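Please read the points beside the sequence and the coordinates.

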Amino acid sequence: MNIVVIDDEKIIANAFFKLISTNFKDESVNVFYKPNDVLKFASSNRIDILVCDIDMPLLNGIELSKQLKNSFKSMRTLFLTGMDTFDYIYNATKVKDSRYVLKIEDDETIINNIKEMIQELNEMSNVILREATILKICEETGFEPSFIKSQLKEVEEIKPVFEKV
């Protein structure tokens, strides 16, 4: 997974970068201080999770996330902000696949949100892989997708019986 951290306040961005990279050692974590640098990065790199301040000059985090979602439909966004006003919360939660956390919340809250996002993305990948496998089997055998899915469902239903043996 590619995780991008962005905050125009370098001290805060670096603190979140350290927290995330320490707790998610198997993930690629990048830190930025300007939205345009994230857009440049995104032109040649996939972004799976955006950890983003909302209140930034030139391009706020909500608009940045919306622009990135055009290229990365499954991207998740964790908005981190010091603002707890209704407008911020309302606008942040209108962005698809996003969450809102105050910067003053404990590390565990931020880590758990990212863990959940990674799990969501992994589950989505598994579904896509399963569907691609079904289509490939259909192409190779000439069977209809509904037939293959029904056969796989039967296998999944009896699988627990064999796991107990």
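The numbered points below go from the basis of the values to the fold and then to its parts.

1. Basis. The model is predicted, so to speak of a local feature requires pLDDT of at least 70 and side-chain atom pairs count only at pLDDT 80 or more, whereas totals for chains, interfaces and linings use all residues. Residues are numbered from 1 along each chain as its sequence is written, and side-chain values use heavy atoms, with hydrogens and water left out.

2. Overall fold. The protein chain has six helices and five strands; these are DSSP runs numbered from the N terminus, with helices (H or I) of at least four residues and strands (E) of at least two. From the N terminus on, the order of elements is β-α-β-α-β-α-β-α-β-α-α. Of the 165 residues in the protein chain, 36% are buried, where buried means under 20% relative accessible area, exposed means over 50% and partly exposed lies in between (1.4 Å probe, protein chains only). Among contacts with a separation of 6 or more, 59% involve residues 24 or more positions apart; contact means heavy atoms within 4.5 Å.

3. The sheet. Five strands form an open sheet in the order E2-E1-E3-E4-E5, with parallel pairing. Its edge strands are E2 (28-32) and E5 (98-102), each of which pairs on one side only. Neighbouring strands are turned by 15 degrees against each other on average, direction ignored. Axes are lines fitted to C-alpha atoms, for helices over the stretch in contact, and angles run from 0 to 180 degrees between N-to-C directions. Two strands count as paired if DSSP finds at least two bridges between them.

4. Strand pairings. E1 and E3 pair in the parallel sense over four bridges, and isoleucine 3 has isoleucine 49 in E3 as its bridge partner. E3 and E4 are also parallel, with five bridges; here aspartate 53 stands opposite leucine 80 in E4. Five bridges join E4 (residues 76-81) to E5, again in parallel, and threonine 77 has serine 98 in E5 as its bridge partner.

5. Burial of E3. How many of the five residues of E3 are buried? Five of the five are, so this strand is largely enclosed by the rest of the structure. Both of its faces are covered, with Ile49, Val51 and Asp53 buried on one side and Leu50 and Cys52 buried on the other.

6. Helices on the sheet. Helix H1 (residues 10-23) packs on the sheet and touches E1 (2-6), E2, E3 (49-53) and E4; its direction makes about 175 degrees with that of E2. Helix H3 (residues 61-71) lies across E1, E3 and E4, running at about 160 degrees to E3.

7. Helix H2. The buried residues of H2 (residues 35-42) are Pro35, Val38, Phe41 and Ala42. Seen down the axis of H2, they fall within an arc of 115 degrees, so they line one face of the helix; the arc is that of the directions from the helix axis to the C-beta atoms. The elements that cover these residues include E1, E2 and H3.

8. H2 against H3. The axes of H2 and H3 come within 11 Å and cross at roughly 10 degrees. H2 is therefore roughly parallel to H3, given that angles under 35 degrees count as roughly parallel, over 145 as roughly antiparallel, 65 to 115 as roughly perpendicular and the rest as oblique. Pro35, Val38, Leu39 and Ala42 of H2 make the contact with Leu64, Gln67 and Leu68 of H3.

9. H1 against H5. H1 and H5 (residues 107-141) pack at an angle of about 55 degrees, with their axes 11 Å apart, which makes H1 oblique to H5. Phe16, Leu19, Ile20 and Asn23 in H1 meet Asp107, Ile110, Ile111 and Ile114 in H5.

10. Two loop residues. Serine 74, in the loop between H3 and E4, counts as buried at 16% relative accessibility. Leaving aside neighbours within four places in sequence, serine 74 is in contact with Arg46, Asp48, Lys69, Leu121 and Met124. Leucine 58, in the loop between E3 and H3, counts as exposed at 88% relative accessibility. Leucine 58 has a positive phi of about 70 degrees although it is not a glycine. Most residues other than glycine have a negative phi.
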